Amino acid sequence: MKEALNRQDPLKLPEGKYYLVDVGLMLRSGLITSYRGERYHLKEYSRNPPRNPRELFNLRHASLRNAIERAFGVLKKRFLIISSSTEPSYGVETQKLIIFSCCILHNYLRGADPNDELLAQVDAELMNDNDVHEEPPNPRESSEEFRKGELIRDGIAADMWANYQV
């Protein structure tokens, strides 16, 4: 019993931050891409639920990316400083503060005047431009970082699938 408690669970995921990225970037331990060659787009799941852990992972990956794109789309429409390429370049810390401030102002404005016109505009844009184009596999994907990313993604997918099956 003591030996079993001392062994590490091979499926236990390392703690840390994982960023959702599209397949144009390389899978790494901190950058989690969807699975290539599996269904990905939300509309593909409207009538056919996920059939395996990879499809479930891709469905949830797409759902989260869609929510993030929607949120930033609304912020970019409401606050041009976020989307303007003519503004002076700000440091990372200042950029974080600008986005944080815009989020606070946006939430206040939604409470004071819940105009859903911006949301409708962004939703329409996302519906028309929601295709993620797969890039060919990158030859660098045999690196150690790629293998770590695969282990993390596979572990997350397995956990999701186990909970989905219940």
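The model is predicted, with local features requiring pLDDT of at least 70 and side-chain atom pairs counted only at pLDDT 80 or more, whereas totals for chains, interfaces and linings use all residues. Residues are numbered from 1 along each chain as its sequence is written, and side-chain values use heavy atoms, with hydrogens and water left out.

The protein chain contains 6 helices and 2 strands, where helices (H or I, at least four residues) and strands (E, at least two) are DSSP runs numbered from the N terminus. In order from the N terminus, the elements run α-β-β-α-α-α-α-α. Of the 166 residues in the protein chain, 27% are buried; the term buried denotes a relative accessible area under 20%, exposed over 50%, and partly exposed in between, computed with a 1.4 Å probe on protein chains only. Contacts, defined by heavy atoms within 4.5 Å, were also examined by sequence separation. Among those between residues at least 6 apart in sequence, 64% join residues at least 24 apart.

Two packed helices are described by the angle between their axes and the distance between the axes. For the composition of a contact, Ala, Val, Leu, Ile, Met, Phe, Trp, Tyr, Cys and Pro count as nonpolar, Asp, Glu, Lys and Arg as charged, and the others, Gly among them, as polar.

The crossing of H2 past H5 is right-handed, a crossing being right-handed if the near helix is turned clockwise from the far one by less than a right angle, and left-handed if anticlockwise. On the H2 side the contact involves Asn66, Glu69, Arg70, Gly73, Val74, Lys77 and Arg78, and on the H5 side Leu118, Leu119, Gln121, Val122, Asp123, Glu125 and Leu126. By class, these residues comprise 5 nonpolar, 3 polar and 6 charged. Asn66, within H2, has a relative accessibility of 19% and so counts as buried.

Pro53, Leu56, Phe57 and Arg60 in H2 meet Arg153, Ile156, Ala157, Met160, Trp161 and Tyr164 in H6. This contact has 8 nonpolar, no polar and 2 charged residues.

Helix H6 itself (residues 144-165) has 22 residues and spans 31 Å from its first C-alpha to its last, close to the expected 32 Å, the expected span being 1.5 Å times one less than the number of residues. Its buried residues are Phe146, Gly149, Ile152, Arg153, Gly155, Ile156, Ala157, Met160 and Trp161. They pack against strand S2 (31-32) and H2.

Asn58, also in H2, is buried with a relative accessible area of 0%. Not counting residues up to four places away in sequence, Asn58 touches Ser34, Tyr35, Glu38, Arg39, Tyr40 and Tyr45.

The loop between S2 and H2 includes Gly37 and Glu44. Gly37 is exposed, at 69% relative accessible area, whereas Glu44 is partly exposed at 32%. The C-alpha atoms of Gly37 and Arg54 are separated by 9.7 Å, the two residues being 17 apart along the chain. For Glu44 and Leu59, 15 residues apart in sequence, the C-alpha to C-alpha distance is 9.0 Å.
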